[in-house]
Number of protein chains: 2
Amino acid sequence: MTANIDRRIEELKELGRICRGDIIKMTTIANSGHPGGSMSSIDMYLSIYKQANIDPSRPFDPNRDRVIVSHGHTSPGVYAALGRLGFFNIDEVISGFRHAGSIFEGHITRGIPGVEWTTGNLGQGLSVGVGMALASKLTGRNFRVFVAMSDAEQAKGQVSEARRTAVKYKLNNLVVVIDYNDAQISGRARDIMYVDIKADYLADGWDVIEVDGHDYYQITEAISRSFGGKKPVAVVCNTVMGKGISFMEGDVSYHGKPLSLETAAKALEELGLENDLDKYVEMRKTLPSYHEPVKPIDEPIKPITGTPITYPVDKKTDNRSAFGKALADIGRANRNGTPVVVFDCDLKPSTKVNEFEKVWPENFIQIGVQEHNAAVVAGAASVCGTLSFFADFGVFGIDETYNQQRLNDINKANVKVAVTHVGIDVGEDGKTHHCLDYIGALRNFFGFGLIVPADPNQTDRAVRYMSQMQGNCAIAMGRSTMYPITDENGNPFFGGNYEYEYGKIDIIRKGKGITLLSTGQVTHQAVLAADQLKEDGLEVTVLNLSAPLASDLDSVSDYLTGTVITLEDHNIDTGLGSIVEGYFVRKGFLPEKFVKIGVDRYMYSGDNEKLYDLVGLSRDSIVEKVREISSQ
Amino acid sequence: MTANIDRRIEELKELGRICRGDIIKMTTIANSGHPGGSMSSIDMYLSIYKQANIDPSRPFDPNRDRVIVSHGHTSPGVYAALGRLGFFNIDEVISGFRHAGSIFEGHITRGIPGVEWTTGNLGQGLSVGVGMALASKLTGRNFRVFVAMSDAEQAKGQVSEARRTAVKYKLNNLVVVIDYNDAQISGRARDIMYVDIKADYLADGWDVIEVDGHDYYQITEAISRSFGGKKPVAVVCNTVMGKGISFMEGDVSYHGKPLSLETAAKALEELGLENDLDKYVEMRKTLPSYHEPVKPIDEPIKPITGTPITYPVDKKTDNRSAFGKALADIGRANRNGTPVVVFDCDLKPSTKVNEFEKVWPENFIQIGVQEHNAAVVAGAASVCGTLSFFADFGVFGIDETYNQQRLNDINKANVKVAVTHVGIDVGEDGKTHHCLDYIGALRNFFGFGLIVPADPNQTDRAVRYMSQMQGNCAIAMGRSTMYPITDENGNPFFGGNYEYEYGKIDIIRKGKGITLLSTGQVTHQAVLAADQLKEDGLEVTVLNLSAPLASDLDSVSDYLTGTVITLEDHNIDTGLGSIVEGYFVRKGFLPEKFVKIGVDRYMYSGDNEKLYDLVGLSRDSIVEKVREISSQ
């Protein structure tokens with residue numbers, strides 16, 4: 001037994017020596033990258049990957065353990081460890097590192113065998129680990145989760161949010177391994193911003209084990225002790241930046257600076273490794289100019305979408321209640337199948353996810369006022385076999401967590417973001433709570449879907465639709481109630497057999513010469529205005545764009561030649577109106593007249609109907625505007 | 001002496017009784033708002049405002065103490081305390097609360113006498129307090145800063161970031177007073193997300209005093225003990241939600257629910273106060289439909305902008321180095337005047353603010369990897385007599401801190417945000433580090449300025465310009481070096497006497513029929529392309545839009561009728577191209593041909609010049625595109 005352990009430790013030591021050479025080589029060949037931290041973390045990485053239950057020949061097995069590396073700039077260390085443990089060909093890394101023709105980017109990328117999350121923006125990894133460890137329990141797969149982090153990123157507040165969440169949910173299938181090299185870009189970590197790492201973890205209810213981060217026996221033993229206890233455990237590894245090369249050790253300047261070819265030769269000599277740099281220089285010359293982006297391989301989930309609810313046209317309902325009911329129904333339908341998980345930030349009575357909590361309390365995860373963490377936890381859970389919903393107000397679920405959603409997007413996750421209280425429809429809570437950029441913000445990303453439903457019936461269908469749609473998608477809803485939108489016969493427009501289709505534009509009223517293009521619950525006002533105007537003999541077209549980022553405007557181009565008015569409870573410059581402007585220019589035609597109506601300033605705290613009047617989004621103000629235009 | 005204290009305590013008690021009535025009245029009259037937390041916090045508020053050195057008759061005196069209320073939804077409590085202490089007419093609050101015709105919004109607003117920061121998004125207030133306490137020391141004004149917070153928001157990670165910053169900078173002119181009512185929207189705080197508040201503050205190096213939050217003597221005494229010691233102090237006030245009205249006490253449902261007129265009558269009776277609700281109902285009817293937004297009154301700063309540096313055209317320089325040098329020069333010029341303060345998040349060698357550090361080390365504030373906190377600290381410092389620069393990479397200073405910048409914007413602060421490493425120009429660090437939304441993100445706000453300079457010389461002038469510009473403004477710079485842009489005679493285009501003017505479009509080359517509209521360092525490529533094309537006999541106009549959010553396109557409309565090509569190292573859908581599209585539609589004309597070139601996906605980690613080639617932003621690819629178009 002002891003002999004086995006000794007052999008294993010010797011094997012790790014030899015791998016450590018070789019990997020250090022790989023780190024030197026790939027950064028030198030790329031003339032770019034982060035050797036210093038890679039060399040302080042490499043012994044951690046080898047200990048973790050060696051211990052984790054991941055089969056290099058089946059790296060996407062849903063039951064595999066997950067390893068998250070939060071300080072993604074130590075990619076040379078991660079790639080070296082994975083390469084030498086058989087996950088991929090190490091020569092491809094050394095020659096291709098940081099080259100556009102190679103998948104081995106400057107920061108690790110989800111989908112590469114062994115890499116579970118694209119990181120690089122610090123302080124995110126523990127939240128990822130929490131999300132995956134939760135999913136491990138909720139799916140019953142019971143895999144373990146290893147999170148490696150740097151010391152500098154312990155200062156990020158999001159880490160404390162993740163710590164508390166791990167304790168609350170008793171995540172003893174999670175271990176955090178911290179590279180405490182006490183060095184960061186600007187100098188010694190303790191001078192830059194002192195974090196008492198041990199005290200912080202203990203204060204939040206964790207156990208802490210301190211080890212020599214270059215002693216494989218200590219690291220391995222501490223990690224294996226960490227699982228299954230009463231508390232989650234942080235293993236703090238005392239390390240040396242640049243460890244292994246005499247002239248790099250403790251020198252902060254090697255954080256983000258590679259060695260020259262000459263200095264690399266010296267380093268390789270010191271490691272007792274062959275200098276084969278020339279080979280990789282040559283290999284690099286043969287790389288293509290770019291590569292196909294890595295596609296993560298996730299087990300697809302097939303949630304049941306339940307049975308649509310049709311809200312009667314004579315009773316006011318809010319979209320968020322329709323969302324809450326649909327979500328609860330989806331929960332009910334999947335109780336024996338796909339784990340549906342809902343993440344809340346202490347707003348359940350307002351976002352209406354309390355409906356889901358009643359149905360499936362164990363899968364209702366209360367993260368409290370910790371939005372950054374919640375967005376990432378939900379994103380990470382979404383790629384581990386759960387249908388993951390993150391519910392919040394717009395200003396928190398989109399604005400406060402903007403970069404977290406961007407990272408979910410970069411990670412090609414599958415999170416469903418349900419934000420309520422968007423727009424000045426929020427009313428009295430005022431400008432800090434008026435989310436006016438739910439289109440403009442997500443438009444900056446390249447992959448996120450967005451649905452802005454018009455009424456409770458469309459909301460119901462859209463929620464079910466997005467549940468089975470692959471990829472990240474947000475749904476944005478207001479606060480106030482409305483009568484469901486009717487067709488010209490007075491029946492629910494989005495009721496009965498109506499099926500939601502992403503990108504499809506709904507032609508709610510057909511008129512002549514004047515077209516209202518609208519999104520979200522403003523459409524309700526637009527329809528009321530059209531019906532009122534009809535009494536005056538003015539027939540106005542009303543088009544509803546529930547997917548502003550993907551609307552098929554070609555399908556309605558016939559309606560876009562006369563007077564076109566866009567209506568949005570959103571920043572007037574960055575939402576629907578701007579998208580429609582882009583369409584006109586792209587197509588090379590302009591309507592006879594184009595008017596944008598939206599919010600052009602931070603708005604007052606006040607009654608939402610009065611605010612709509614003020615901005616021109618209420619039925620009456622739309623009617624007035626159309627009359628004014630048509631009398632010109 | 002004791003008699004004096006007793007009298008003071010009795011006076012506070014009586015004010016507490018009256019203010020509780022005011023809280024009930026204003027929320028009932030508005031039929032909206034948060035009475036529960038207001039009533040647990042009111043005794044804290046009265047104790048704080050009574051003790052703070054703020055003269056209601058001179059509420060904007062630069063030397064006043066600052067009081068920050070982080071849980072801004074307890075506005076009824078804040079308004080009641082301030083109203084009863086003579087800061088404004090309490091009747092105006094009670095009748096106008098949450099009405100669009102009144103300045104007394106649902107969340108407290110900076111600029112109202114006694115209100116130093118608009119809050120409402122939780123977890124921001126301690127960072128605000130840290131920024132103001134730092135400014136207090138750096139300006140030599142030595143005022144004190146009081147921060148009131150709720151318990152639920154202690155979970156926000158940003159609070160831990162602020163705590164560490166306060167300890168690092170020995171802010172013993174700062175006290176935090178926490179309303180520990182153990183109640184939040186979804187239930188008991190300890191059940192929602194347990195935070196060991198005391199342990200967390202102690203772990204981060206603070207002192208903690210626990211008191212009965214409804215005992216004026218204890219609160220007052222604890223606060224006055226808190227200043228001037230070795231550590232910052234948190235006063236934890238044990239309180240009861242809804243305190244003072246028997247049927248409200250401890251009932252979480254009163255978090256965000258006002259009393260009906262009938263129930264309010266009972267509450268007023270219990271408080272022994274006259275029921276004058278009718279009076280306020282009548283007053284409310286007379287309010288206008290909206291009010292002029294509150295304009296904060298800050299002492300204007302008049303920094304010296306130093307002497308412009310002209311970079312020679314035969315030497316490559318990066319914009320960020322030009323920024324670093326200009327900032328250092330501004331520091332040097334103001335050493336005996338306006339305190340210039342620079343906030344860094346452990347990126348000084350990359351953002352080049354280390355140049356400033358050499359000049360003015362005491363005013364170089366190192367916040368570490370705590371961006372959310374840093375953005376708010378810088379914003380708060382910017383309204384307390386300092387010229388405040390926050391420097392970071394684009395993905396952190398804009399994306400990660402998107403909502404913090406939005407809140408700086410809502411607060412009409414005066415922070416200068418300098419982001420480097422924007423665009424795919426960042427190259428090898430890859431997609432997590434490519435900020436592609438510096439225009440699209442700030443375009444969602446209503447007040448933030450944005451400068452994207454073309455070359456080192458324009459950067460130099462722009463930095464000096466923004467230093468004396470009033471209001472929040474960002475400057476976005478890439479990573480790579482370039483030769484400064486020349487005029488047609490080979491002299492620096494932005495050198496010599498060139499003065500930066502916000503919104504002005506620079507006509508760098510005048511051509512015929514084909515116009516390149518460009519922003520940032522892509523302009524350099526556009527000019528090189530134009531010069532190359534000239535050799536082919538193609539004269540191309542190059543327009544540089546350094547202020548994409550405010551560009552005076554009318555001034556160059558003559559150039560916009562033929563072929564127009566926009567070029568941006570930015571998301572192709574949400575930046576310059578989109579702004580130009582909006583201009584065409586607004587003006588009602590289209591160019592003969594319009595082409596947008598920009599980034600349409602998350603980009604590779606690779607050599608920045610090769611990435612520019614791939615996307616079409618390099619000199620050669622622009623040349624090729626123009627040739628292709630002109631040969632059609």
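## Domains of chain A

Chain A is assigned three domains: domain 1 (2–285), domain 2 (317–482) and domain 3 (506–630). The model is predicted. Between domain 1 of chain A and domain 2 of chain A, the centres lie 33 Å apart, taken over C-alpha atoms. The contact draws on 24 residues from domain 1 of chain A and 31 residues from domain 2 of chain A.

## The interface of domains 1 and 2

Domain 1 of chain A and domain 2 of chain A bury about 2100 Å² between them. Carbon and sulfur atoms carry 58% of that area. On the side of domain 1 of chain A, Trp117(A), Leu138(A) and Glu161(A) lose the most area to domain 2 of chain A. Together they make up 27% of what that side buries.

What about polar links? Between domain 1 of chain A and domain 2 of chain A, 14 residue pairs are in polar contact, both residues at pLDDT 80 or more.

Two helices stand out by name. α5 (125–138) and α6 (157–168) of chain A each supply at least two residues of the side of domain 1 of chain A that touches domain 2 of chain A. The largest share of that side comes from α5(A), with 8 residues.

## A crossover in chain B

In chain B, strand β6 (residues 207–212) pairs with strand β7 (residues 233–238). The sense is parallel, over 6 bridges. Helix α9 (residues 216–226) of chain B lies on the path from β6(B) to β7(B), and this β-α-β crossover is right-handed. One bridge joins Val211(B) to its partner Cys237(B) in β7(B).

Notes: Residues numbered from 1 in each chain as written. Chains lettered and ligands numbered in written order. Predicted model: local features only at pLDDT ≥ 70, side-chain atom pairs only at ≥ 80, totals over all residues. Heavy atoms only, no water. Pairing = 2+ DSSP bridges. Helix = DSSP H or I, 4+ residues; strand = E, 2+ residues; numbered from the N terminus. Right-handed = clockwise from strand over helix to strand, strands pointing away. Domains from an automatic or database assignment. Contact = heavy atoms within 4.5 Å. Buried area = accessible area lost by both parts, 1.4 Å probe. Polar contact = N/O pair within 3.5 Å; in protein donor to acceptor, adjacent residues only side chain to side chain.
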